[in-house]
Amino acid sequence: MELMKAGDVEEEEEEEEEEEEVQQQQQQQQQHFHVLAVDDSLLERKVLEKLLTISSSCEVTCVESGDKALRYLGLLDDLDNFSSPFSPPRLSQQQEVKVNLIMTDYCMPGMSGYDLLKRLKGSYWKDIPVVVMSSENEPSRINMCLEEGAEEFLLKPLQLSDVKKLEPHLQKSLTRCSAEIKEQETVGFGIEIGIGIGITDSDVVDDGNNSDSNKNDNGDLKGDRS
């Protein structure tokens with residue numbers, strides 16, 4: 001009986017260690033979450049930043065307009081051509097900015113949240129989850145944003161329970177980013193292998209040519225001696 005009790009204690013300790021490891025992994029993942037918050041109200045930006053920090057412990061970048069959001073994402077120069085399928089994406093600048101979620105107010109001076117949503121969905125950032133916020137509960141506005149590709153439409157004032165709904169979108173975005181990084185590493189490794197094989201093939205061809213020329217040279221020497 002004492003042995004069984006000792007074994008049970010060991011199993012419980014192992015389970016506790018596994019749970020702690022899982023919690024540590026989740027905390028590390030949450031620390032890599034990056035949210036871009038767009039709102040023309042300083043108070044709303046502060047509240048949103050605090051809620052996101054409390055709920056997910058993620059990094060938050062706040063800007064006060066749609067133009068500044070596009071500038072931060074490297075899309076400001078493409079405003080006139082955002083709908084053109086032939087405009088090349090600025091991958092070098094965008095890949096330097098890692099954003100897992102974009103939250104934007106609907107009513108803003110200049111560019112509205114809906115306009116910002118359309119710009120994002122027509123760009124390199126089309127796969128990043130976008131959440132639209134508004135203090136006005138208008139079904140037509142909500143449906144319009146959801147049809148354009150918004151993941152959520154939240155009503156202000158935001159509550160901690162509302163922000164917690166965003167965690168699956170953050171996790172999905174983080175998983176997608178990790179998959180893209182692995183794919184890029186695989187492609188880069190394949191290119192290196194291809195280049196290496198090409199060099200080896202050329203060396204083999206050169207060796208063959210050199211051997212043939214050596215044979216000809218040897219034959220010429222034999223003819224001269226005869």
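Analyst: Happy to! Let's start with a term: a residue is called buried when its relative accessible area is under 20%, exposed when over 50%, and partly exposed in between, using a 1.4 Å probe and protein chains only. This is a predicted model, where local features need pLDDT of at least 70, side-chain atom pairs count only at pLDDT 80 or more, and totals for chains, interfaces and linings use all residues. Residues are numbered from 1 along each chain as its sequence is written, and side-chain values use heavy atoms, leaving out hydrogens and water.

A salt bridge here is a side-chain nitrogen of Lys or Arg within 4 Å of a carboxyl oxygen of Asp or Glu. Side chains of opposite charge can pair when their charged atoms come close. Searching the whole structure turns up six salt bridges.

Let's begin with lysine 156, which is buried at a relative accessible area of 15%. One of its partners is aspartate 39, with the closest N and O atoms 2.6 Å apart.

Aspartate 105 is buried, with a relative accessible area of 7%.

Elsewhere, arginine 141 and glutamate 136 meet in a salt bridge at 3.2 Å, N to O. Arginine 141 is buried at 11% relative accessible area, whereas glutamate 136 is partly exposed at 34%. As for shared partners, salt bridges join Asp39, Asp105 and Lys156 into one network.
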